[in-house]
Amino acid sequence: MHPLVKPALKRGWRDLNTVQFGMTPAHAMTLGPMDLASGSFLDLLNGTRGMELLREEGRRMDLPDGHVDGLVRRLARAGLLDDARGGGPAADALRKKKEVLDRLGPDLATLSLTTTEPGDAIRQLAARRSQRVRVRGAGRVGAVLASLLAGAGVGEVDVLDGGRVEPWDVAPGGLPAEAVGDRRDESARRAVRRAAPGRPRRRSAAHPPPEEGDPGFSLVIVAPRDDVAVHAPDPAAAEPLMSSGTPHLYAGVVEGTGVVGPLVLPGETGCAGCLHESRTDRDPTWPRLVAQWRSGRQRQVRPCDLALATTVSALAAAHALAFLDGRVPSTAGARWEVSLPTLHWHARPVWAHPACPCAAAERGNGEHPSMDGEPHETMAVQRSSEQCREAAAKRPAGTWRAHV
């Protein structure tokens with residue numbers, strides 16, 4: 001182990017004996033009592049020395065025997081320590097790609113704030129590179145969203161859509177103006193390749209994208225350009241995803257409202273069918289309205305405010321990354337909505353409905369998924385909620401959350 005005090009956390013002394021790591025309430029933590037020699041020793045925990053060399057440095061500073069090991073354990077238990085050489089073989093391979101790692105440096109620093117075990121941050125970042133995601137829809141929301149995921153290190157991001165790029169599809173970070181008239185899906189895939197660190201190779205005709213229900217997809221994001229499909233997602237369109245057990249997340253803009261969610265974990269959380277059934281319970285005319293909206297004459301240009309679409313893309317990408325990193329974000333069983341011009345975010349629950357064939361209500365037996373980040377199965381390494389509680393219980397005396 002090559003201990004490294006997480007550089008993402010700002011450090012400051014509250015008094016002569018207490019040091020604070022981090023600034024914001026979500027991550028700030030104080031450590032004390034801390035004597036002057038130990039405080040000076042923190043600067044040596046920069047990832048360039050192994051434990052044996054650190055012990056030698058400690059003896060040179062006249063620190064008591066065992067003090068260095070005790071300090072390192074204390075910092076590690078508090079989640080303040082990283083391992084500059086940890087993370088396993090995939091992390092080692094990523095470290096050899098200097099240009100890629102330089103691009104992903106801010107993302108790695110952020111992951112260090114949300115992980116506790118030394119080496120977990122780069123392990124999760126390396127795991128992203130093995131993930132396969134499809135974005136269904138390449139408009140102002142979908143194309144930007146796909147580029148964000150690729151730029152954040154997701155290994156394979158495929159985009160599915162039809163038609164050709166229209167002038168109103170153009171958005172910063174998504175489809176460029178020079179793509180107008182080109183095939184929409186190909187243009188979005190080019191944008192993804194431009195955004196991805198390391199520029200992944202273009203998929204050849206001999207290796208077409210997998211089918212929608214392919215269980216190899218870690219996640220499918222449904223980001224339709226059709227605003228009716230955003231407001232009232234069609235359960236039939238999600239049947240291949242439900243039958244294959246593929247997690248999927250909805251996102252889009254309808255009129256002046258941005259929508260992110262629900263994140264559907266098939267058989268576990270509320271889905272598009274549950275949403276439809278619940279709305280019908282509250283409003284018996286709902287199916288009639290949806291039928292009219294879907295069969296009405298389609299407008300050529302739908303309202304899709306650029307700033308709102310970009311906001312939705314970014315929030316959906318953040319929720320998708322949280323899921324891919326092994327957590328359950330707050331969109332599992334809920335839709336986050338924000339409307340112009342006041343821009344107040346609020347969450348609308350999407351409960352599992354007993355009449356929906358997805359059987360999530362039967363499996364949950366009336367219970368609903370937690371919104372506080374319970375882990376789930378992904379390729380990324382994560383710890384169970386019991387382990388998290390155990391780690392919190394083991395936090396040493398003198399280490400506590402800072403009230404800032």
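Hi everyone, let's start with a cysteine: Cys-271 is buried, with a relative accessible area of 4%. Before I go on, please keep in mind that this is a predicted model.

So which cysteine sulfur is closest to the one in Cys-271? That is the sulfur of Cys-356, at 3.5 Å. Cys-356 also counts as buried, at 8% relative accessibility. How many disulfides turn up in the whole structure? The search finds zero.

Now let's move to the strands. Here we have an open sheet of seven strands, with mixed pairing. If you want to follow along on the screen, the order is β7-β6-β8-β9-β10-β11-β12. At the edges sit β7, residues 156-160, and β12, residues 346-349, and each of them pairs on one side only. From one strand to the next, the twist averages 20°.

Strand β10, residues 257-264, and strand β11, residues 334-339, run antiparallel and are joined by four bridges. Which residue of β11 does Thr-257 stand opposite? It is Ser-339.

Last stop: a helix. Helix α14 covers residues 306-324 and lies across several strands, namely β6, β8, β9, β10 and β11. Of these, β6 spans 132-136, β8 spans 219-222 and β9 spans 248-254. The helix runs at about 170° to β9.

How values were computed. Residues are numbered from 1 along each chain as its sequence is written. This is a predicted model: local features need pLDDT of at least 70, side-chain atom pairs count only at pLDDT 80 or more; totals for chains, interfaces and linings use all residues. Side-chain values use heavy atoms; hydrogens and water are left out. A disulfide is a pair of cysteine sulfur atoms within 2.5 Å. Buried means under 20% relative accessible area, exposed over 50%, partly exposed in between (1.4 Å probe, protein chains only). Two strands pair if DSSP finds at least two bridges between them. Helices (H or I, at least four residues) and strands (E, at least two) are DSSP runs, numbered from the N terminus. Axes are lines fitted to C-alpha atoms, for helices over the stretch in contact, and angles run from 0 to 180 degrees between N-to-C directions. Contact means heavy atoms within 4.5 Å.
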